[in-house]
Amino acid sequence: MRKVSSDGDYHNYDEYAHVKSSGSNNKSVDDADMGKGIRKESNSIGGKAKSSNGDGKERRGSTSKRHSTARIKRLIRQLLIELGEDPDREGLVDTPERVAEMYAEIFSGYSMDSELDVTFSEESDVVVAREIQFYSMCEHHILPFFGKVHIAYIPDGKVFGISKLVRLVEKYAKRLQIQERMTKQIADELKDKVKGVLVVVEGDHMCMRMRGVKNNSRILTIAYRGEFENREVREQVLSLLMDSSSGARMYDI
Ligand SMILES: [Zn+2]
């Protein structure tokens, strides 16, 4: 494996790098060195994200939603039986209902509208929104994966409100997902509204921690579009993003 940042050759692996989080990386990047008027929006903003529930934008009507919740309850009860459990014991009797309600929330991304059209007019060379928290569910194992999304974009005259970026992340995180696709989808939804977009996702996967080889690697995926296809522009912003507390290092694969 080659370290991406050393030779900068991203072109052979479809825009993705896998990363092992291995100890601290104390590399310091002086913001002034970036020279592109980069603006850091904020840290740890995902916790303030609004829920999409009840905003009237669900594609499915309330009747079919109720029906599917009832079906999920029955299926979870059946699953408990198949696992050898007694679904009527005290601790489990309400579990099917709790799971069905939880699924309505954590899979609400399918019916979310990211509302990206609302923007503010402001001049900025590069806007960086770092550490947008996300929680998603791996489609291979239906187990959580979660972490941070960093979005850098070169505005085309207007910038997005930070809540819109949080909502965009939730739209693609709150569904059965794989991290690589989520990274691409976020970049693709932004690419036509900006001159360039770079999306970096750091994820911890419970299916890796709890089963199989049981390792604590953190997966890092990258997608870039537009002006970030220029390696120099991309590396300048990537080095800023990678100066986060994660200590993640990128490797070619
Ligand atoms: Zn998985």
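K174 is in contact with E105, I106, F107, S108, G109, Y110 and Y135, leaving aside its neighbours within four places in sequence. Contact here means heavy atoms within 4.5 Å. K174 sits in the loop between helix 5 (162-173) and strand 7 (176-177). Helices (H or I, at least four residues) and strands (E, at least two) are DSSP runs, numbered from the N terminus. Is K174 buried or exposed? Its relative accessibility is 15%, so K174 counts as buried. Buried means under 20% relative accessible area, exposed means over 50%, and partly exposed lies in between (1.4 Å probe, protein chains only). F107 is 67 residues from K174 along the chain, yet their C-alpha atoms are separated by 4.6 Å.

A word on the model and its numbering. This is a predicted model in which local features need pLDDT of at least 70 and side-chain atom pairs count only at pLDDT 80 or more, while totals for chains, interfaces and linings use all residues. Residues are numbered from 1 along each chain as its sequence is written, and side-chain values use heavy atoms, with hydrogens and water left out.

Now the whole protein. It has eight helices and ten strands. Of its 253 residues, 43% count as buried. Take the contacts between residues at least 6 apart in sequence: 76% of them join residues at least 24 apart. The protein exposes about 13300 Å², and carbon and sulfur atoms supply 48% of that area. Accessible areas come from the Shrake-Rupley method with a 1.4 Å probe; for residues, only the protein chains shown count as cover.

Next comes the metal. Which residues are the protein donors of the zinc ion? They are C138 (SG), H141 (ND1) and C207 (SG), lying 2.1 to 2.2 Å from the ion. Donors are N, O and S atoms within 2.8 Å of the metal (3.2 Å for Na, K and Ca); water is not among the atoms, so sites may look incomplete. In sequence, the donor residues are spaced C-x2-H-x65-C. C138 and C207 link distant parts of the chain, being 69 residues apart. C138 belongs to strand 4 (residues 126-138), and C207 to helix 7 (residues 206-209). Both C138 and C207 are buried.

Strand 4 has other points to look at. E131 lies in this strand. Its phi is positive, about 60°, although E131 is not a glycine. E131 counts as buried because its relative accessibility is 10%. Past the strand, I142 is in the loop between strand 4 and strand 5. I142 also has a positive phi, near 50°, and is a residue other than glycine. With 44% relative accessibility, I142 counts as partly exposed.

Aromatic rings come next. How many aromatic pairs does a search of the whole structure find? It finds four. One of them is F134 with F145: the ring centres are 5.7 Å apart and the planes are at 70°, so the pair is edge-to-face. Rings of Phe, Tyr and Trp (its six-membered ring) pair if their centres lie within 6.5 Å; planes under 30 degrees apart count as stacked, over 60 as edge-to-face and the rest as tilted. F134 is in strand 4 and F145 in strand 5 (residues 144-155), eleven residues apart. F134 and F145 are both buried.

Two glutamates carry polar contacts. E202 lies in strand 8 (residues 194-205). It is buried, with a relative accessible area of 2%. Its side chain makes a polar contact of 2.7 Å with the side chain of H150. A polar contact is a pair of N or O atoms within 3.5 Å; within protein, one must be able to donate a hydrogen and the other to accept it, and residues adjacent in sequence count only if both atoms are side-chain atoms. E202 and H150 are 52 residues apart along the chain, and their C-alpha atoms are separated by 8.4 Å.

E189 is in helix 6 (residues 179-191). It counts as buried, at 17% relative accessibility. Its side chain makes a polar contact of 3.0 Å with that of K171. Another, of 2.4 Å, joins the side chains of E189 and Y172.

Last, helix 8 (residues 231-241). Its buried residues are R234, V237, L238, L240 and L241. They cover an arc of only 155° around the axis, so they are on the same side of helix 8. The arc is that of the directions from the helix axis to the C-beta atoms. At the start of helix 8, a side-chain oxygen of N230 comes within 2.9 Å of the backbone nitrogen of E232.
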